[in-house]
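Please keep the sequence and the 3D view open while you work through the points.

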Amino acid sequence: MAYYPYTNVQLLLLISFIINLMMMTNASSFEPNVTKSFEPEVTEIFVSNLPQNTTPLKVHCQSQDDDLGVRTLKVNEKFDFSFRLNFWGDTHFYCAFVWGLNNNAFDVFFKRKSPCRFKFPMKDIYCTWLVKDSGIYFARTRDPNPSPGDFRFAYPWL
C-alpha cells in the first residue's frame with residue numbers, strides 16, 4: 001500500500017481552499033453583465049409647449065430620497081428621468097410646475113393615485129407631461145414619442 005502524506009480530510013480542505021482562492025481572485029475582476037432588471041423602467045418626460053416669447057417653465061421634481069432640482073424649460077425643451085419601482089412598490093415622485101403667475105404641484109408617480117399608474121407592467125412605460133398655457137396634459141404609452149391624440153387633459157393651472 002502506498003503512503004499518502006495527506007489524509008482524506010486534509011486533502012478535501014486543501015482542494016476547498018484552492019477553489020475558494022480561485023473564486024476570490026476571479027471575483028475581484030468580475031463585472032456582471034446585467035443590463036435590465038425584472039422590474040420595468042418608468043420614464044417621466046416633461047415638455048414645454050408654452051407660447052413663444054413667454055416666461056420659461058420651471059419644473060421641480062423629487063421623491064422622499066431624491067431631489068432632482070429645479071429645471072428651467074424654454075419653449076419646446078424637455079426634461080426626463082427614469083426609475084424602477086422599489087421593492088415595496090411604493091415609489092413616489094411629485095413635481096411642482098411654475099410658469100409666471102401660474103403654478104401647480106401633484107404626484108407624477110405614486111401607486112394607484114396618479115395618472116402614471118399601472119397594475120402589472122410587463123414592459124417599460126413612458127409618462128409624458130405636455131405643459132401648455134391651457135393646462136397640463138398627460139399621455140401614458142410604451143413609446144417615448146406619443147402622438148398628439150394620446151394626450152388627455154390632466155391638471156389646470158392654479
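Is N53 buried or exposed?

1. **N53.** N53 counts as exposed, because its relative accessibility is 82%. (Buried means under 20% relative accessible area, exposed over 50%, and partly exposed in between, with a 1.4 Å probe and protein chains only.) N53 is found in the loop between strand 1 and strand 2. Helices (H or I, at least four residues) and strands (E, at least two) are DSSP runs, numbered from the N terminus.

2. **What kind of model this is.** This is a predicted model, in which local features need pLDDT of at least 70, side-chain atom pairs count only at pLDDT 80 or more, and totals for chains, interfaces and linings use all residues. Residues are numbered from 1 along each chain as its sequence is written, and side-chain values use heavy atoms, with hydrogens and water left out.

3. **Overall layout.** From the N terminus on, the order is α-β-β-β-β-β-β-β-β-β. The chain has 158 residues, and 32% of them count as buried.

4. Most residues other than glycine have a negative phi. N53 is not a glycine, yet its phi is positive, about 55°. N76 also is a residue other than glycine, and its phi is near 70°. N76 sits in the loop between strand 3 (67-73) and strand 4 (78-84). N76 counts as exposed because its relative accessibility is 54%.

5. **The disulfide.** The structure holds one disulfide (a pair of cysteine sulfur atoms within 2.5 Å). This disulfide joins C61 to C95, with an S to S distance of 2.0 Å. C61 lies in strand 2 (residues 57-63) and C95 in strand 5 (residues 92-99), so the pair ties together parts that are 34 residues apart in sequence. The torsion about the S-S bond is about 110°, so the disulfide is right-handed. Both C61 and C95 are buried.

6. **Strand 5 and its neighbours.** Two strands pair if DSSP finds at least two bridges between them. Strand 2 and strand 5 run antiparallel and are joined by six bridges. Here A96 in strand 5 is the bridge partner of H60. Strand 5 also pairs with strand 6 in the antiparallel sense, over eight bridges. On that side, A96 stands opposite A105 in strand 6. Strand 5 and strand 6 form a hairpin with two residues between them, and G100 in the turn has a positive phi of about 60°.

7. **Two faces of strand 5.** Which residues of strand 5 are on the covered face? They are F93, C95, F97 and W99. The uncovered face has H92, Y94, A96 and V98.

8. **Two buried loop residues.** D124 is found in the loop between strand 6 (102-110) and strand 7 (125-132). D124 counts as buried because its relative accessibility is 19%. The side chain of D124 reaches the backbone nitrogen of E41 at 2.8 Å. P40 is in the loop between helix 1 and strand 1 (41-48). P40 is buried, with a relative accessible area of 6%. The C-alpha atoms of P40 and L85 are separated by 7.9 Å, although these residues are 45 apart along the chain.

9. **Helix 1.** L14 is in helix 1 (residues 8-27). L14 counts as partly exposed because its relative accessibility is 37%.

Notes. Polar contact = N/O pair within 3.5 Å; in protein donor to acceptor, adjacent residues only side chain to side chain.
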